[in-house]
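Reader: I have a new model on my screen and would like to walk through it with you. Could we take it one question at a time?

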Amino acid sequence: MRIEADFECGNAVVERISDLEAQLSIRADSNAKFYQWFYFRVTGEAGLLRTFQITNASAASYPHAWNGYRALASYNGTDWFRVQTQYTGGKITIRHRAAQTSTAYAFFVPYVEAQREQLLADCAKVGERRHIVTTPNGRAVEMIVFGKPTAKNKVWVISRQHAGEPMAEYCVDGLMRRLADEQDPLVKQLFDADIAFYCIPNINPDGTAFGNLRANAEGIDLNRDWKQYVEPKSVEVGAVLKLMEAEGVDFLYDIHGDEASQYVWLVQPHAELVTPENKPLQERMESFVRGRYAEYGPDPVYDLPANPSDSLPKPTDSGMAIDYVAWRFKCPTLIVELPFKDTIGDDTTIDSLQPAGCIAFGRNSVEMIAEVMLAQKN
Ligand SMILES: [Zn+2]
């Protein structure tokens with residue numbers, strides 16, 4: 001067999017390989033120590049049971065997240081399915097009898113540049129496509145403005161601050177395509193209520209293309225780069241923040257993936273940063289998601305935090321976009337975390353948050369945002 005990972009979003013280093021077994025490791029993010037995202041392609045005779053062992057799994061950013069995790073595989077890059085995966089002795093072992101000669105294996109279903117370009121091109125027929133900044137590696141961070149740019153109220157949607165969380169981009173894809181539907185009565189109602197949407201489907205295209213887990217090309221974790229009274233270190237956050245200052249922000253929706261949880265959960269801004277007027281709105285969003293999704297779960301509490309800092313109280317100036325924007329613009333903010341693992345929804349929707357489920361979640365998020373935005377106006 002042959003194993004390749006030298007392609008967009010690819011990440012795996014082959015250490016040892018024979019006909020039926022390979023030992024691999026995951027490469028750390030560019031200029032940073034994070035790692036967990038993997039994506040590689042195997043070619044060889046069909047019908048043979050092969051074993052792929054990821055030898056450095058126990059030192060990944062969230063090692064406890066491997067428990068109960070099953071890798072995804074695909075023959076055609078479009079249809080993905082879970083394969084037998086075990087985490088024992090600090091190593092991940094994937095066993096699979098491929099029915100075809102070429103099979104991709106990944107941490108989650110990748111979302112690639114061609115999909116993003118199609119999304120932006122489709123949405124630009126209705127919204128306004130804007131170039132925000134060129135990254136250190138020459139990629140464009142772009143956004144679509146839906147509704148009137150002169151609107152009084154601005155909803156910002158940011159996705160994929162963390163490079164290796166493609167579920168976030170499927171989610172924003174669903175959200176943006178709904179906003180591009182001029183026939184949708186709720187969307188029309190939002191635009192008529194003088195609300196515009198500023199949607200950035202991928203704020204970290206370098207890190208995404210490199211197959212990073214979290215960082216951009218320079219090794220910066222973008223969702224720790226929003227610090228009070230400190231200039232952002234990354235050009236990506238710096239440019240978005242400048243634009244926010246120019247345009248204003250009335251709501252921030254920041255979309256992520258969570259390695260460990262088997263469900264959807266929400267990260268609220270630090271309580272001290274939430275104004276009394278925004279508190280009920282924050283709670284309303286939580287109850288919206290809780291009421292609608294069997295996959296909803298509470299803020300996870302881990303037995304063994306990956307990093308000692310995870311167990312400490314979070315500071316108000318966390319560097320997270322939701323905290324910064326809540327502080328600076330005094331508006332509601334929210335992170336949604338979608339799972340890498342197969343989700344237990346209800347009897348009929350096991351593994352319901354693969355891409356189609358993330359897209360549907362994004363579409364439904366428009367309703368959650370509408371509740372908050374229209375409530376503010378009443
Ligand atoms: Zn994230």
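Author: Happy to; the questions below go from the metal site to the backbone and then to the salt bridges. Please keep in mind that this is a predicted model.

Reader: Let's start with the metal. Which residues coordinate the zinc ion?

Author: The donor atoms sit at 2.1 to 2.4 Å from the zinc ion. In sequence, the donor residues follow the spacing H-x2-E-x90-H.

Reader: Are His162 and Glu165 buried or exposed?

Author: The cut-off for buried is under 20% relative accessible area. His162 has 3% relative accessibility, and Glu165 has a relative accessible area of 1%. So His162 is buried, and Glu165 is likewise buried.

Reader: Now a loop residue: which side chain does the side chain of Ser261 contact?

Author: Ser261 lies in the loop between strand S15 (251–258) and strand S16 (265–267). Ser261 is buried, with a relative accessible area of 4%. Its side chain makes a polar contact at 3.4 Å, and the partner is the side chain of Trp265.

Reader: I also noticed some backbone angles. What is phi of Arg160?

Author: Arg160 is in the loop between strand S13 (153–159) and helix H2 (166–179), and at 2% relative accessibility it counts as buried. Although Arg160 is not a glycine, its phi is positive, at about 65°.

Reader: And what is phi of Asn31?

Author: Asn31 is found in the loop between strand S3 (21–25) and strand S4 (39–43), and at 63% relative accessibility it is exposed. Its phi is positive in a residue other than glycine, with a value near 55°.

Reader: On to charges: how many residues apart in sequence are the parts that Glu113 and Arg139 tie together?

Author: Glu113 and Arg139 form a salt bridge, with the closest N and O atoms 3.1 Å apart. Glu113 belongs to helix H1 (residues 113–123), while Arg139 is in the loop between strand S11 (128–134) and strand S12 (140–146), so the parts tied together are 26 residues apart.

Reader: Last one: how many salt bridges does a search of the whole structure find?

Author: One of them joins Arg214 and Asp221, with the closest N and O atoms 2.9 Å apart. Asp122, Lys125, Asp173 and Arg177 are linked in a network. The search of the whole structure gives a total of 22.

Methods: Residues are numbered from 1 along each chain as its sequence is written. This is a predicted model: local features need pLDDT of at least 70, side-chain atom pairs count only at pLDDT 80 or more; totals for chains, interfaces and linings use all residues. Side-chain values use heavy atoms; hydrogens and water are left out. Donors are N, O and S atoms within 2.8 Å of the metal (3.2 Å for Na, K and Ca); water is not among the atoms, so sites may look incomplete. Buried means under 20% relative accessible area, exposed over 50%, partly exposed in between (1.4 Å probe, protein chains only). Helices (H or I, at least four residues) and strands (E, at least two) are DSSP runs, numbered from the N terminus. A polar contact is a pair of N or O atoms within 3.5 Å; within protein, one must be able to donate a hydrogen and the other to accept it, and residues adjacent in sequence count only if both atoms are side-chain atoms. A salt bridge is a side-chain nitrogen of Lys or Arg within 4 Å of a carboxyl oxygen of Asp or Glu.
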